[in-house]
Number of protein chains: 4
Amino acid sequence: MCRWLSYIGEPVYLEKLVFEPRHSLVEQSLRAEQAKTPTNGDGFGLGWYDDRKTPGLYREILPAWNDPNLRSLAHHIRSGMFFAHVRASTGTETSRTNCHPFAHDNFLFMHNGQIGNYSLVRRVLEAMVDDEFYAARQGTTDSELIFCLMLTFGLRTDPHRAIRKTIEVVEREMRNRGITVPFRFTACLANGESVCAIRHASDDKSPSLYWRKRDNHVIVVSEPLDAESDSWIAVAPNHTLHVTRDLQICEEPTMVATGCKGAA
Amino acid sequence: MCRWLSYIGEPVYLEKLVFEPRHSLVEQSLRAEQAKTPTNGDGFGLGWYDDRKTPGLYREILPAWNDPNLRSLAHHIRSGMFFAHVRASTGTETSRTNCHPFAHDNFLFMHNGQIGNYSLVRRVLEAMVDDEFYAARQGTTDSELIFCLMLTFGLRTDPHRAIRKTIEVVEREMRNRGITVPFRFTACLANGESVCAIRHASDDKSPSLYWRKRDNHVIVVSEPLDAESDSWIAVAPNHTLHVTRDLQICEEPTMVATGCKGAA
Amino acid sequence: MCRWLSYIGEPVYLEKLVFEPRHSLVEQSLRAEQAKTPTNGDGFGLGWYDDRKTPGLYREILPAWNDPNLRSLAHHIRSGMFFAHVRASTGTETSRTNCHPFAHDNFLFMHNGQIGNYSLVRRVLEAMVDDEFYAARQGTTDSELIFCLMLTFGLRTDPHRAIRKTIEVVEREMRNRGITVPFRFTACLANGESVCAIRHASDDKSPSLYWRKRDNHVIVVSEPLDAESDSWIAVAPNHTLHVTRDLQICEEPTMVATGCKGAA
Amino acid sequence: MCRWLSYIGEPVYLEKLVFEPRHSLVEQSLRAEQAKTPTNGDGFGLGWYDDRKTPGLYREILPAWNDPNLRSLAHHIRSGMFFAHVRASTGTETSRTNCHPFAHDNFLFMHNGQIGNYSLVRRVLEAMVDDEFYAARQGTTDSELIFCLMLTFGLRTDPHRAIRKTIEVVEREMRNRGITVPFRFTACLANGESVCAIRHASDDKSPSLYWRKRDNHVIVVSEPLDAESDSWIAVAPNHTLHVTRDLQICEEPTMVATGCKGAA
């Protein structure tokens, strides 16, 4: 299990969220409160959008609390849409290519959760990945595989269909192999224009997911960054939250989501 | 603060203590129970004696729970006298040269504790270090500096005098600068023939220190490796424990210690 | 391309070959002379047999010339059969799981060479790997994939058939996709009892491979460790060298090798 | 010995110099042409000025050619004044705190060269460092020590006097100890407003140093980034080059430099 945050709004220095809050993401790398494991020390990553066509990426295998580069980068990099993630491995190696976020073209993806008994379905799921994304895969995690499946199922053209189909396929293949360990999937996707955060589980224990809107930004997080607990709103289980560049927000049941066309 | 263990006895594979016990040192790197901080993820180290003149050393900046090399080395390296240490930095960088144990000639040293307000006395203490050990110093921690002072004050010829003098000098220089933050010093020294473990503090809160003797070995630890709590004996505050290759044990007040000549 | 060495004989400290020769493997990590690239700084690894059932493994992403742990381990670890490897990546990430040697049960494998246009055949070759070895695969290199294929094709029961079949399959799949970049494959396998070194290429430029026998040991290397050049014997292209624990040696054409039954 | 570059001018993405030129700095990390050693693989660093009060810093112990984070950061970070450095250690550990550039307040410093027989003068030189900079010192290199001396001797108020005094003091202390190995010192300093590059040696073999001015920028380098060799101008031995934000340039003998007041 992992902890992550996503920011959309007026450009800010990344440290504003990564270091400064009382219960910042770096603090959560040492002492998460709503996670299965309090320590998220198996690497971390940043992904951010700026003037370039593809997002920036900084991933490291040290714990986030222990990396002086992270402190300097978070002080100097400013962005209006960024991801940050601290990792607690569920079995795969601590290498940079296994750290989140993952990037492909203009997409960023990060994840908290896991495919139950991953080794039993890894092979069949990998076989479904399109050649283009199979060749681009760099690591070995279930998270990156899920991202490859979403890309395969049309993330570029119909993201909601791609997300639904990925969830359906993963759960079907798990069922086909008699896996009873649940699929837990609380994830975040961005394309540079909008962010979409999914809270899903095949049982009734989906990992926590919150958001907060202020005048000029929205933050989506695994767990609140501060104690103002009534300012944070929980995303409902099996729902997806959409946030656009102009801070339009809507929440829909994941399996019937349309991207809130006409909503907000 | 940190966690450490020391073993003296029949040669065993290091994993026997580093990985296998319910509350092994690697488990303590994630969830220490008697330490100021539960997470000891700022690097780790092994030091061991074998047929070579100087001890082996393996130090790494990753958390101990996250290093596949450690697992293989602990499975393959066997020793009758070894140290293992997991680090929680009190401010200095996470680099290999700042990880314990430290080695010089046939000596190994590791430490849990800190010099209060280190930056105020670092300079004056470094000025006391003999040229030989000054040149050999590789890192920047207070722990390595304490080791250099012990070497300077005669560790090779009269270890107990060297330990006492080091404690006296550190506490005097702290007093001279009006430092009221305490000096906490629970440390372990070996020369290949015997091990000596010191539990000291300038106030009444010396870090925990335990030992256990079985038929063919003695283990000295920051905190017990298992729940058989009545089998672990606490070293008294401000006392030093001596353990020889043939498992003779004695405990003396540190400031009058003689190495238990004629004891046991 | 990479550089490697293998030792079989009286147990010696690893440093004897890894550090001490004039043109030691660590020297070759900086200045290889017969390799496509002089610098082999993309990680390294050690694998060694001792009293344990499976070989020890130490792999690191730093250049070999730059790792103080390697110096200490090579000074303290003694073995009568070991591998050492310095890596020059041909495209995949510098992570520990991509460093050689690779280990499975009692087998060690390391490699210098590459599958031409690997990304075009990776997928079809991965699909041939048995579930057991597919699940055990940790990295993403062509080298590890070749090892998985050999295991799939019966390395445990008939190693020569497994090697032949792997070469045939790789070359067939490359041909099927019209790949004209050659398959270069100079590799070393051990099972704890004997070592087998293969010099193969699909064109006439197989990477260099040498061996030398002395009274109590045999060394197999990518390039000589010293300037006594007439003491090193080149393995013929497309031949396999066998060396047993009792230093029996034979060389056969790889595609008809039988393991030198009755030979020597 | 090391390789470095400095850029002053219109803001550009760092990759423009770090990766793109035929003989870019990353290329020089593998194959330097005018250095004592062709391989500069013992870590690297970036320092850059932007809207923040202090410069950004990214330092890593991997070789520069081997770090995917460097590629992404150099693609996304844009600056009008930045340093980049690839390191070949002259003895001290490969840790991040030993990598260049070094930063203090608004200053950046990087260096190619070494104090001959450093261990003989390290102690006396360290004793001269002001408490403020002594406490801020993080690593153990001679380069960082030289930076601390310049800060001690008034870098903030009279940089040329500070540079001169540092050179004088280092050479005097070397002479006092009978050191005949030369002092080689080709270094670069910036304060956010201007850059000053020093080419100095106590013998007649000062490391190479070049610059080139184009319409909207100046580049200062250890060795040319491309083969247009007549476009690169060598700084004379024992001279200092000054470059201001508005691209005023002047060169003076280091030991009588005034910062080109009224020059250009």
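## Relation of the two chains

The model is predicted.

## The six-stranded sheet of chain A

Chain A contains an open sheet of 6 strands in the order S5-S6-S7-S8-S12-S13, with antiparallel pairing. Its edge strands are S5 and S13 (249–253), each of which pairs on one side only. From one strand to the next, the twist averages 15°. In general, strands of a sheet pair through backbone hydrogen bonds, either parallel or antiparallel.

Within this sheet, strand S8 (residues 194–201) of chain A pairs with S12(A) in the antiparallel sense over 6 bridges. A:Arg199 stands opposite A:His239, a residue of S12(A).

## Helices on the sheet

Helix H7 (residues 159–176) of chain A packs on the sheet and touches S7, S8 and S12 of chain A. The direction of helix H7 makes about 25° with that of S8(A).

Helix H6 (residues 142–152) of chain A lies across S5, S6 (107–114) and S7 (184–190) of chain A. This helix runs at about 130° to S6(A).

## Cis peptide bonds

In chain A, the peptide bond joining A:His100 and A:Pro101 is cis, with omega about -5°. A:Pro101 is placed in the loop between strand S4 (78–86) and strand S5 (102–104) of chain A.

In chain B, a cis peptide bond runs from B:His100 to B:Pro101, with omega near -5°. B:Pro101 belongs to the loop between strand S4 (78–86) and strand S5 (102–104) of chain B.

## Positive phi values

A:Asn238 is a residue other than glycine with a positive phi, near 60°. The loop between strand S11 (233–234) and strand S12 (239–244) of chain A holds A:Asn238. The relative accessible area of A:Asn238 is 31%, so this residue is partly exposed.

B:Asp105, also not a glycine, has a positive phi near 50°. B:Asp105 lies in the loop between S5 and strand S6 (107–114) of chain B. With a relative accessible area of 40%, B:Asp105 is partly exposed.

How values were computed: Residues are numbered from 1 along each chain as its sequence is written. Chains are lettered from A and ligands numbered from 1 in the order in which they are written. This is a predicted model: local features need pLDDT of at least 70, side-chain atom pairs count only at pLDDT 80 or more; totals for chains, interfaces and linings use all residues. Side-chain values use heavy atoms; hydrogens and water are left out. Helices (H or I, at least four residues) and strands (E, at least two) are DSSP runs, numbered from the N terminus. Buried means under 20% relative accessible area, exposed over 50%, partly exposed in between (1.4 Å probe, protein chains only). Two strands pair if DSSP finds at least two bridges between them. Axes are lines fitted to C-alpha atoms, for helices over the stretch in contact, and angles run from 0 to 180 degrees between N-to-C directions. Contact means heavy atoms within 4.5 Å.
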